[in-house]
Amino acid sequence: MENKTLAIIKISLLSFIAFLLTIILIILLINPKKSWNIFELSSKSELVYENKIEDNIKEINVTTKAAAIEIKKSTKNYIEVKYYGEKDDKELTLTKENQILEINENKNYFCIGICNYAAHKIVISVPENYEYEINLKTTSGDINLEEINNQNLNIKTISGDVSVQKAENAKIETTSGDIEINEVNRLNAKSVSGEIIIKFLKSKCNLKTTSGDIEIDNLELLDDSDITSISGDIEINKNLGAYIKTETLSGEVNVENNDRYAKNELKIKTTSGDIEVEN
């Protein structure tokens with residue numbers, strides 16, 4: 001009886017391996033030019049595409065799957081696009097129409113076991129006085145921005161992390177990716193399970209998370225604002241000039257030196273998350 005059971009287990013295991021190898025073989029036949037080295041922890045990254053855009057661009061739209069996006073300031077008076085990846089990558093498309101720059105990375109990623117997409121990155125250098133709309137969208141790629149002076153920054157990612165050095169007006173949405181901002185004036189941010197961490201927040205904010213924590217080091221509001229979370233904790237280390245109005249079902253609340261007569265009001269609402277504010 002024991003030998004029979006062992007034989008069944010062996011047959012099941014061999015059947016699964018045969019099925020897996022068949023799937024891999026089919027994919028390789030469909031795309032024979034792609035290398036599927038699943039044990040490689042990192043692949044060599046090199047510059048495979050670059051372009052200088054000297055047109056008058058008033059909107060930049062970038063969409064990727066797993067490739068990271070990096071926006072940098074430049075002392076030059078034109079926009080420069082560089083794509084880093086594997087030698088034979090040709091999945092990047094760039095179009096210009098009606099003063100709109102569209103950049104799309106269409107690489108099909110397939111992975112079994114250990115995956116690494118860090119080698120693929122789009123770097124866009126914009127003039128330091130560029131103040132027009134920038135829209136960035138990724139599935140799992142991280143997004144990193146230096147100091148940006150534009151009035152309309154829109155970022156959306158599922159699992160990629162977002163890092164912003166400085167922005168005037170930003171709208172950021174993630175599912176599980178973290179949001180980290182050094183300085184922002186007006187911010188509309190939403191995350192499901194990712195954290196929102198801000199060093200300096202000025203003017204106005206509307207922040208929402210489901211389970212992700214929200215932490216603000218320095219808050220100086222010039223308009224009424226809202227922060228909402230279901231189970232995430234909310235912490236403000238230094239609040240300047242805003243009355244804190246709190247609402248929670250089961251979370252703990254600690255607000256120090258709350259000024260009821262302050263000009264602006266910050267509404268903080270949680271279901272079970274804790275609220276802590278230092279004035």
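These legends go with a set of close-up views of a predicted model.

**View 1. Ile79 in the nonpolar core.** The largest nonpolar core takes in 52 residues, and Ile79 is listed with Ile124, Leu187, Leu201, Leu207 and Ile227 as having the most contacts inside it.

**View 2. A nonpolar patch on the surface.** Leu13, Leu14, Phe16, Ile17, Leu20 and Leu21 make up a nonpolar surface patch of about 590 Å². Leu14 sits in helix H1, which runs over residues 2–30. With a relative accessible area of 59%, Leu14 counts as exposed.

**View 3. Lys96 and Asp55.** Here's one of the structure's six salt bridges: the Lys96 and Asp55 side chains meet at 3.4 Å, N to O. Lys96 is in strand S5, while Asp55 is in the loop between strands S1 and S2, so the pair ties together parts of the chain 41 residues apart. Lys96 is partly exposed at 42%, and Asp55 is partly exposed at 42% as well.

**View 4. Glu70 and Lys121.** In this salt bridge the closest N and O atoms are 3.6 Å apart. Glu70 belongs to strand S3 and Lys121 to strand S7, 51 residues apart in the chain. Glu70 is buried, with a relative accessible area of 17%, whereas Lys121 is partly exposed at 30%.

**View 5. A three-residue network.** Salt bridges link Lys73, Glu147 and Lys166 in a network.

Definitions and conventions
Residues numbered from 1 in each chain as written. Predicted model: local features only at pLDDT ≥ 70, side-chain atom pairs only at ≥ 80, totals over all residues. Heavy atoms only, no water. Core = buried A, V, L, I, M, F, W, Y, C linked by side-chain atoms within 4.5 Å. Buried < 20%, exposed > 50% of the residue type's maximum accessible area, 1.4 Å probe, protein only. Patch = residues over 30% accessible without salt bridge, like charges linked within 9 Å, V, L, I, M, F, W, Y side chains within 5 Å. Areas by Shrake-Rupley, 256 points an atom, 1.4 Å probe, with all protein chains shown as cover. Salt bridge = Lys/Arg side-chain N within 4 Å of Asp/Glu carboxyl O. Helix = DSSP H or I, 4+ residues; strand = E, 2+ residues; numbered from the N terminus.
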